[in-house]
Amino acid sequence: MGDRKPYGVNFESWIDRQIREAEERGEFDDLPGKGKPLPDLDKPYDEMWWVKQKLRSEGLSMPLPPTLQLRKDAEEALAEARAARSEREVRQVVEAINARIREAIRTGLSGPPLNLLPYDVDRIVAEWRASR
């Protein structure tokens with residue numbers, strides 16, 4: 001397909017001919033997704049679609065700003081504490097996330113405001129006991 005368009009040949013017919021010849025040579029036979037509908041065709045347009053698709057295909061995730069990542073980790077830590085099997089485990093999980101929150105408050109993290117304070121360990125332990 002390195003050929004230059006000949007003078008006097010209209011672009012559409014020149015391109016159509018190159019596509020047809022490539023199809024005849026079988027150059028499109030082994031493409032992934034051949035014969036399947038285009039994924040996400042019915043979703044609204046997203047200018048970052050190709051980045052998200054690449055991350056998905058590579059099994060990666062979009063990195064969050066440090067403050068948002070800490071908020072997410074804090075939510076996951078609370079869920080882990082609520083599912084803990086012992087009071088000691090609840091305390092360990094909450095104290096570990098509290099240490100990270102205190103460090104972030106002390107040193108500062110990049111990203112949007114943290115808006116997060118250390119959790120009250122005794123209150124979370126009491127909630128854990130009440131749910132048992």
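Predicted model: local features only at pLDDT ≥ 70, side-chain atom pairs only at ≥ 80, totals over all residues.
Residues are numbered from 1 along each chain as its sequence is written, and side-chain values use heavy atoms, with hydrogens and water left out.

**Overall layout**

- The chain is split into domain 1 (11–58) and domain 2 (66–131), with bounds that come from an automatic or database domain assignment.
- The C-alpha centres of domain 1 and domain 2 sit 45 Å apart.
- UniProt, in an unreviewed entry, puts the feature "domain: DnaJ homologue subfamily C member 28 conserved" at residues 14–81; UniProt positions are given in the numbering used here, feature names are shortened, and annotations may be inferred rather than shown by experiment.
- Residues 14–81 are 56% helix and 0% strand, and the end C-alpha atoms of that span are 65 Å apart.
- Helices (H or I, at least four residues) and strands (E, at least two) are DSSP runs, numbered from the N terminus.

**The nonpolar core**

- A nonpolar core is a set of buried Ala, Val, Leu, Ile, Met, Phe, Trp, Tyr and Cys residues joined through side-chain atoms within 4.5 Å.
- Buried means under 20% relative accessible area, exposed means over 50%, and partly exposed is in between (1.4 Å probe, protein chains only).
- The largest nonpolar core has 19 residues, and V90 and Y119 touch the most other members.
- At least two residues of this core come from each of α3 (66–82), α4 (87–107) and α5 (121–130), and α4 gives the most, with 6 residues.
- Beyond residues up to four places away in sequence, V90 touches A81, A84, I124, V125 and W128.

- A74 lies in helix α3 and is buried, at a relative accessible area of 0%.
- A74 and Y119 are 45 residues apart along the chain, yet their C-alpha atoms are separated by 9.2 Å.
- D73, also placed in helix α3, counts as buried because its relative accessibility is 16%.
- The D73 side chain makes a polar contact with the side chain of R100 (2.8 Å); again setting aside residues up to four places away in sequence, D73 touches I97 and R100.
- A polar contact is a pair of N or O atoms within 3.5 Å; within protein, one must be able to donate a hydrogen and the other to accept it, and residues adjacent in sequence count only if both atoms are side-chain atoms.
- Over in helix α4 you'll find N98, which counts as buried at 1% relative accessibility.
- Not counting residues up to four places away in sequence, N98 touches P118, Y119 and V121.

**How α5 packs**

- The buried residues of α5 are V121, I124, V125 and W128.
- Looking down the axis of α5, those residues fall within an arc of 100 degrees, so they line one face of the helix; the arc is that of the directions from the helix axis to the C-beta atoms.
- An α-helix has 3.6 residues a turn, so residues three or four places apart point the same way.
- The cover over the buried residues of α5 includes α3 and α4.
- D120 caps the N-terminal end of α5, with a side-chain oxygen 3.1 Å from the backbone nitrogen of D122.

**Loops and the tail**

- R85 is in the loop between α3 and α4 and is exposed, with a relative accessible area of 76%.
- R85 and R17 are 68 residues apart in sequence and 68 Å apart in space, C-alpha to C-alpha.
- N115, in the loop between α4 and α5, has a positive phi of about 50 degrees although it is not a glycine.
- N115 is exposed too, at a relative accessible area of 68%.
- R132 belongs to the segment after α5 and counts as exposed at 55% relative accessibility.
- Leaving out residues up to four places away in sequence, R132 touches R82, A83 and A84.
- A polar atom of the R132 side chain lies 2.8 Å from the backbone oxygen of A84, and a polar contact of 3.3 Å joins the side chains of R132 and S131.

Terms used:
Contact = heavy atoms within 4.5 Å.
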